[in-house]
Amino acid sequence: MSEPSKEDELAGTEQPFVQHLMELRDRLLYCIYGIGVALAILFFWPGPDGLIDFIAHPIKEHMPPGAKLIAVGVFSPFFVPLKVLMMVAVLMALPWLMYQVWAFVAPGLYSHEKKFALPLILFGSLLAYAGIAFVQFFVLGNMFKFIQHFTPASVAATPDIASYVEAILALYIAFAAAFQVPIVVMLLVRFGLVEIEKLKSFRGYFVVVAFIIAAVITPPDVISQLALAIPMCLLYEVGIVGARWFNKASRPEGELPESTEVDKPADQN
């Protein structure tokens with residue numbers, strides 16, 4: 001006789017649609033509160049001027065002595081520091097924001113899924129921070145150094161602060177997203193959308209995909225393209241290694257891997 005199926009632990013936990021909307025409203029308010037606290041902290045230290053000086057440091061190192069970034073727009077001196085302040089506040093509150101997303105979907109997760117959802121959120125936040133730090137401390141300096149070699153001597157390199165902020169913001173987002181490759185790989189394997197052996201055989205194709213992505217979303221210079229494509233390839237390998245462990249550790253007790261088949265007795269004549 002076959003064993004009776006275990007009762008679904010989520011059975012009877014359904015909530016009315018209105019209650020879901022109220023929960024969503026509360027989580028959005030918590031996100032706003034978190035960003036507000038980050039804004040208040042950053043406003044007093046290091047302040048908008050300090051943040052501008054920090055993000056402008058990579059390009060100022062490769063500008064002529066005494067040169068400064070310029071503000072072409074009439075309202076740029078006011079709006080650009082506020083934009084930078086908001087951008088850094090969102091990044092500062094990123095773990096809190098991702099936690100609110102997890103808290104909203106947690107009631108619909110099984111216990112074994114809840115166990116690993118929060119570590120994945122923290123790992124994803126750390127990877128995003130690592131991507132942004134990689135841009136700030138490595139990519140920007142080398143990219144501007146490369147670009148300066150092609151600047152004619154008769155041209156004064158005094159970029160506009162608004163265009164500079166937009167450019168580095170795009171790089172921050174691109175690298176923060178690209179550094180999520182291990183998370184994507186692990187989730188694809190865990191949900192059975194792809195097998196680890198398929199990922200291994202896809203290595204060569206992923207290298208091509210990584211360089212195509214880098215060529216599309218980064219500035220047209222070799223430094224930034226290599227700086228994005230190479231880490232993506234390395235993180236792909238990290239994802240393959242992590243997927244094997246995560247696929248086993250995140251399974252509920254008693255669940256067999258997809259590739260495991262129960263032996264059936266041979267038919268008797």
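1. Basis of the note. The model is predicted, so local features are reported only at pLDDT of at least 70 and side-chain atom pairs only at pLDDT 80 or more, whereas totals for chains, interfaces and linings use all residues. Residues are numbered from 1 along each chain as its sequence is written, and side-chain values use heavy atoms, with hydrogens and water left out.

2. Helices α2 and α3. Helices here are DSSP runs (H or I, at least four residues; strands are E, at least two), numbered from the N terminus. The axes of α2 (residues 47-60) and α3 (residues 76-92) come within 9 Å and cross at roughly 80 degrees. That makes α2 roughly perpendicular to α3. Axes are lines fitted to C-alpha atoms, for helices over the stretch in contact, with angles from 0 to 180 degrees between N-to-C directions. Angles under 35 degrees count as roughly parallel, over 145 as roughly antiparallel, 65 to 115 as roughly perpendicular and the rest as oblique. In contact (heavy atoms within 4.5 Å) are Pro48, Leu51, Ile52 and Ile55 of α2 with Val80, Pro81, Val84, Leu85 and Val88 of α3. These residues divide into 9 nonpolar, no polar and no charged. Nonpolar covers Ala, Val, Leu, Ile, Met, Phe, Trp, Tyr, Cys and Pro; charged covers Asp, Glu, Lys and Arg; the others, Gly among them, are polar.

3. Helices α3 and α6. The axes of α3 and α6 (residues 161-178) come within 10 Å and cross at roughly 15 degrees. The two helices are therefore roughly parallel to each other. On the α3 side the contact includes Ser76, Lys83 and Met87, and on the α6 side it includes Glu166 and Leu169. By class, this contact has 8 nonpolar, 1 polar and 2 charged residues.

4. Helices α2 and α6. These helices pack at an angle of about 85 degrees, with their axes 11 Å apart. That makes α2 roughly perpendicular to α6. Ile52, Ile55, Ala56, Pro58 and Ile59 of α2 meet Ile161, Tyr164, Val165, Ile168 and Tyr172 of α6. The residues of this contact divide into 10 nonpolar, no polar and no charged.

5. A cis peptide bond. The bond from tryptophan 45 to proline 46 is cis, with omega near 5 degrees. Proline 46 lies in the loop between α1 (17-44) and α2.

6. Helix α7. In α7 (residues 181-190), 7 of the 10 residues are buried. Buried means under 20% relative accessible area, exposed over 50%, and partly exposed in between (1.4 Å probe, protein chains only). Among the buried residues are Ile183, Met186 and Arg190. Glycine 192, which follows α7, has a positive phi, near 75 degrees.

7. Aromatic pairs. The whole structure holds 13 aromatic pairs. Rings of Phe, Tyr and Trp (its six-membered ring) pair if their centres lie within 6.5 Å; planes under 30 degrees apart are stacked, over 60 edge-to-face and the rest tilted. Phenylalanine 144 and tyrosine 164 form a tilted pair, because their planes are at 35 degrees, with ring centres 5.8 Å apart. The pair links distant parts of the chain, with phenylalanine 144 in α5 (residues 111-148) and tyrosine 164 in α6, 20 residues apart. Phenylalanine 144 is buried, at 11% relative accessible area, and tyrosine 164 is buried, at 4%. Elsewhere, ring pairs link Phe134, Phe138, Phe175 and Phe179 into a cluster.
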